[in-house]
Amino acid sequence: MAASFENKPARNAQHKAQAIAQQQTAHPVVRSRRTLVFQGSLIASLALFAVLAVLARGAAYFPIDVTITQLLQSLRSPLFHALMVAVSWLGYLPQAVVVLLLPAAIAWWLGYRWEAAMIVLSSAVVLVVNVIVKTVVSRPRPPSDLVDVYTTLSTNSFPSGHVMFAVGLFGFLLYLAFALLRHSWLRVALIIVFAALIALMGLSRVYLGEHWASDVLGAYLLGMPGLAVAVSVYHWGKNRYFVRESTA
């Protein structure tokens with residue numbers, strides 16, 4: 001009786017933990033619906049990108065592109081200008097290499113070897129795809145007679161390489177922070193910072209006159225499915241070869 005009484009709190013705690021786990025685990029039907037919605041959104045994103053790429057190949061810019069850029073450039077705040085320049089600066093060489101390799105090195109040092117490899121791989125693949133699409137679409141950069149151009153670049157414009165780099169790198173880091181870190185202020189802060197960098201990168205490219213808004217939209221439409229593929233590859237490799245690694 002005494003042993004049974006002593007084990008009762010432990011059993012109650014175990015039952016409570018199981019109940020909480022069951023509540024947090026979605027029903028199979030719900031999971032199936034979520035999967036269909038997620039896959040449908042990725043297909044829709046790629047379809048919209050394909051349409052936009054065809055249109056961008058036939059038009060150097062759209063009227064709405066000029067309107068959006070001029071509207072953004074009408075903001076004359078020195079602080080906003082400095083923020084846009086700083087965010088965009090992260091995507092240029094050689095600092096982009098440091099921005100990429102630093103989190104990979106930290107992950108490797110902490111023992112997350114597969115995560116470190118995927119940080120580099122996800123960004124590298126996205127950039128290769130970006131170069132290929134830019135070559136095929138061959139859209140010119142915004143001209144200085146229509147908008148203010150901060151830096152004159154000779155490469156093609158559609159889709160934005162800076163934005164795809166941000167989605168591939170910061171998007172994957174955001175996922176790792178969400179999936180690996182326990183609930184804490186650090187986890188919340190990292191998610192906010194990475195999400196902000198992804199959003200601000202697109203804004204900065206238009207504000208600086210180095211891309212049209214449609215270039216940025218195309219980068220997001222193509223980058224997000226690429227990020228989803230990177231996450232899938234990460235889970236495949238993690239479950240197959242690195243299942244014994246601990247989480248933070």
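Predicted model: local features only at pLDDT ≥ 70, side-chain atom pairs only at ≥ 80, totals over all residues.
## Other salt bridges

The structure holds 4 salt bridges. Another one of them brings together the side chains of Arg 139 and Asp 65, at 3.6 Å from N to O. Here again distant parts of the chain are linked: Arg 139 sits in the loop between H6 and H7, Asp 65 belongs to helix H3, and 74 residues separate them. Both Arg 139 and Asp 65 are buried.

Arg 205 and Glu 210 also pair up, with their closest N and O atoms 2.4 Å apart. Arg 205 has a relative accessible area of 0% and is therefore buried, and Glu 210 is buried at 1%.

Beyond its neighbours within four places in sequence, Ser 157 is in contact with residues including Arg 139, Glu 210 and Asp 215. Lys 134, His 211 and Trp 212 are also among its contacts.

Ser 204 is in helix H8, which spans residues 185-207. With a relative accessible area of 0%, Ser 204 is buried. Not counting residues up to four places away in sequence, it touches Met 84, Val 87 and Ser 88.

## Overall fold

Stepping back, the protein has 9 helices and 0 strands, giving the pattern α-α-α-α-α-α-α-α-α along the sequence. Of its 248 residues, 38% are buried. Among contacts with a separation of 6 or more, 80% are between residues 24 or more positions apart. The accessible surface is about 14600 Å², and carbon and sulfur atoms account for 71% of it.

## The nonpolar core

The largest nonpolar core has 51 residues, and those touching the most other members are Phe 49, Ile 119, Phe 158, Leu 169, Phe 170, Phe 172 and Tyr 234. At least two residues of this core come from each of helix H2 (28-58), helix H4 (78-89), helix H5 (95-109), H6, H7, H8 and helix H9 (213-241). H7 gives the largest share, 11 residues.

Leaving aside neighbours within four places in sequence, Phe 170 is in contact with Val 99, Phe 165, Phe 194, Leu 197 and Ile 198.

Helix H3 (residues 63-73) has Asp 65, Val 66, Thr 69, Leu 72 and Gln 73 as buried residues. Seen down the axis of H3, these fall within an arc of 135 degrees, so they line one face of the helix. On the face of H3 turned away from the buried side are the exposed residues Pro 63, Ile 64 and Leu 71.

## Backbone features and a helix approach

Most residues other than glycine have a negative phi, and most peptide bonds are trans. A few places here depart from that. The bond from Leu 93 to Pro 94 is cis, with omega near 5 degrees, and Pro 94 is placed in the loop between H4 and H5. A cis peptide bond also joins Phe 158 and Pro 159, where omega is about -10 degrees; Pro 159 is in the loop between H6 and H7. Ser 138, in the loop between H6 and H7, has a positive phi near 55 degrees and is partly exposed at 42% relative accessibility.

Finally, Val 125 is found in helix H6 and is partly exposed, with a relative accessible area of 44%. The C-alpha atoms of Val 125 and Gly 168 are separated by 8.4 Å, while the two residues are 43 residues apart along the chain.

Key
Residues numbered from 1 in each chain as written. Heavy atoms only, no water. Helix = DSSP H or I, 4+ residues; strand = E, 2+ residues; numbered from the N terminus. Buried < 20%, exposed > 50% of the residue type's maximum accessible area, 1.4 Å probe, protein only. Contact = heavy atoms within 4.5 Å. Areas by Shrake-Rupley, 256 points an atom, 1.4 Å probe, with all protein chains shown as cover. Arc of directions from axis to C-beta. Core = buried A, V, L, I, M, F, W, Y, C linked by side-chain atoms within 4.5 Å.
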